[in-house]
Amino acid sequence: MNKKHKKNRNVAIIGVGQTVYSSHREDVNQPEMIHEAVSLALKDAGLTMDDIDCVVHGNMELFEMVHQPDMWHTIGDGAYGKSAFRLTTGGTTGATLVSAADNLVASGMYDVVMAVGFEKLQEGHTTGGITNMADPLWTRHLQTGALTGATASYMIQEFGEERAKRAAMKHRIDMDKHAVLNPNSHRSFGLDYDQMDDLIKNSPQLAGELRLIHMCSQSDGACVVIMASEEKAKKLSNKPVWIRDHITIHREENFSTMFTYDMDERDPTTHRVAAERLFERNGIKDPVEYFNVFEMYDPSSWWGLDWLRDFFLLEGDEVLTMVESDDFKIGGKIPVNPSGGVTSANPIGATAMIRVAEAALQVRGDAGGHQVPGEVNHALASGFGGTYWTVLFMLEKNLDWQKGEQ
Amino acid sequence: MNQENKDCYVVDGKLALPYQYFAGRTGSRFLISLRDKKKIFGVKCNKCDKVFVPPRQTCERCFENISNNWVELSDTGEIVNFSVVRYEGKHLPRKPPFVLALIKLGGADTPMTHIVEGIEPEKVEVGMKVKATFSDEPTNTILDLDHFEPV
Ligand SMILES: [Zn+2]
């Protein structure tokens, strides 16, 4: 099941570009918005479009209802006359784009590949688009789109109402405190812990105990990551960030089988399976000890809290203790989403790429106001999509993990 | 009836979602000129020596930002190719038969697609000179330029 994944050659991230994330981008059309991130990534890498061999492009299906947007967007991403691929895999799109670009470079087919993820949610109808991911026979008539109260309900059953609600809100406020430090954030409220009880009670309910404050925004924005082969990366960049490994775990789109058949014997989630397999094949025994930062795709605070135990292989109430002890804050034991995460900005087709891009900036030490203290040698980044599937990335500052690996 | 398909049900589905597209600053300026001044503007790439209409922020060939290099174009142009549309569809701008043509305006390098009216479809020819007719009511779309007619 867990075959050794050996790359044909090493691949590094050598450039990152992000627009600001906002609900108000009336000043630019889609290719113009993408062009902002493309220009910043090229500048960051010190390259021009002449250096780019291939462009991979993606966003959500149906969201802006443009068929083949990659063709329109060549005037923004510079793909004219180049190799180009379009990928659309739901929420994971941004991470899948980086996976694909990594594979394209590692294979030897291309030396320098640019991945472009974008979304302009203000132009479309997000929940309308999302509800159509449900299978049209048995689920589409009976679902709530991206808004689900199931995780809150499970966690309250498991840990008790008071502690579970406080932990989810503590995590929400932690993330907002990070978002305030990131100038690209769409939403940063300046929340504080003395608002916890009020928010737990009075933030409008969306589905069960999933409240408005817990949920991500609908954002406009684009993210671009440029990747290169080891040979090129060493020539072009003095801060290459190495893509050590990545894993994708897929599953059926179905709420009936998504969480569990049986509460007493819950199936592992795709997040847990991804983490177990990725860490096992890379010899990582204790992810909390090993990684210096984690950029997680956390569409809501309840999901964020629940999923941290999957990604860090936590048991029992460890995750609650950790959030209560500030372990996930900047300066904590294992900072999670120093960028503010998805609850602070969610331009969906870009969101999972932003996780990888932000993790790379942390490794480089270039994250600015939300840079975590200390050396960042090992970073983890996750993507999430559909009603449950996972892409998980490991980034490294140095190539030293390969010693003795042959 | 094919007995193999007996009792195989069809579950109906329908998508009807609202969308809105931002034209951006460059596209908005083009639309405002059409609506308020009845003038057609293109943008020129000085490097490639090409004038694009409708406008765009970047030249697709050399990737230069050309959004400020506005050029006023003639409201008259030449048909470089055309089709007579003979089928009916909800997405089509006119009832069939009608003419969709590629029209190269004076001063532009890229021909633009538009409707040709005021002539029987059978009589349209490549090379024919046509002139823009602007919409009486603003639509805030490319249809502020309503159609072209033979000069
Ligand atoms: Zn040009």
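I started just after H4(A), where A:Gly108 takes a positive phi of about 95°. Helices here are DSSP runs of H or I with at least four residues, strands are runs of E with at least two, and both are numbered from the N terminus.

A note to myself on the ground rules. This is a predicted model, in which local features need pLDDT of at least 70 and side-chain atom pairs count only at pLDDT 80 or more, while totals for chains, interfaces and linings use all residues. Residues are numbered from 1 along each chain as its sequence is written, chains are lettered from A and ligands numbered from 1 in the order in which they are written, and side-chain values use heavy atoms, with hydrogens and water left out.

**Helices of chain A**

I went back to H4(A) itself, residues 93–106. Its end C-alpha atoms are 19 Å apart, which agrees with the 20 Å that its 14 residues should span at 1.5 Å a residue; the expected span is 1.5 Å times one less than the number of residues. I found 13 of the 14 residues of H4(A) buried, so the rest of the structure largely encloses this helix. Buried means under 20% relative accessible area, exposed over 50%, and partly exposed in between (1.4 Å probe, protein chains only).

Next I looked at H1(A), residues 30–45. Its 16 residues reach 23 Å from first C-alpha to last, close to the 22 Å expected. Its buried residues include A:Met33, A:Ile34, A:Val38 and A:Leu42. H1(A) is followed by A:Gly46, with a positive phi near 70°.

I looked up A:Thr343, in the loop between H14 (318–324) and H15 (348–364) of chain A. A:Thr343 counts as buried, at 2% relative accessibility. Not counting residues up to four places away in sequence, A:Thr343 touches a list of residues, among them A:Arg172, A:Arg187, A:His214, A:Cys216 and A:Asp298; contact means heavy atoms within 4.5 Å.

A:Lys232 sits in helix H9 (residues 230–236) of chain A and is partly exposed, at 33% relative accessibility. Leaving aside neighbours within four places in sequence, A:Lys232 is in contact with A:Asp111 and A:Val112.

I then went to A:Asn398, in the segment after strand E11 (389–396) of chain A. At 36% relative accessibility, A:Asn398 counts as partly exposed. Beyond the neighbours within four places in sequence, A:Asn398 is in contact with A:Trp242 and A:Asn377. A:Arg244 is 154 residues from A:Asn398 in sequence, yet their C-alpha atoms are 9.6 Å apart.

**Zinc in chain B**

Which residues hold the zinc ion? I noted B:Cys45, B:Cys48, B:Cys59 and B:Cys62, each through SG, at 2.3 Å. Donors are N, O and S atoms within 2.8 Å of the metal (3.2 Å for Na, K and Ca), and water is not among the atoms, so sites may look incomplete. The donor residues are spaced C-x2-C-x10-C-x2-C in sequence. B:Cys48 is in the loop between E1 and E2 of chain B and B:Cys59 in the loop between E2 and E3, so this pair ties together parts 11 residues apart in sequence. B:Cys48 counts as partly exposed at 26% relative accessibility, whereas B:Cys59 is buried at 0%.

The site is tetrahedral, with angles of 102 to 113° among the four donor atoms. Four donors count as tetrahedral if all angles lie between 85 and 135 degrees; four count as square planar and six as octahedral if opposite donors are over 155 degrees apart and all others between 65 and 115; anything else is irregular.

**Strands of chain B**

I traced an open, antiparallel sheet of three strands in the order E2-E1-E3 (chain B); two strands pair if DSSP finds at least two bridges between them. E2 (50–52) and E3 (70–73) are the edge strands, each pairing on one side only. Four bridges join E1 (residues 40–45) to E3(B), and B:Phe41 stands opposite B:Glu72 there.

I also followed E5(B), residues 98–105. Eight bridges join E4 (residues 76–85) of chain B to E5(B), antiparallel, and B:Val85 stands opposite B:Phe98. Five bridges join E5(B) to E6 (residues 112–116) of chain B, also antiparallel. E5(B) and E6(B) form a hairpin with six residues between them, and B:Gly107 in the turn has a positive phi of about 100°.
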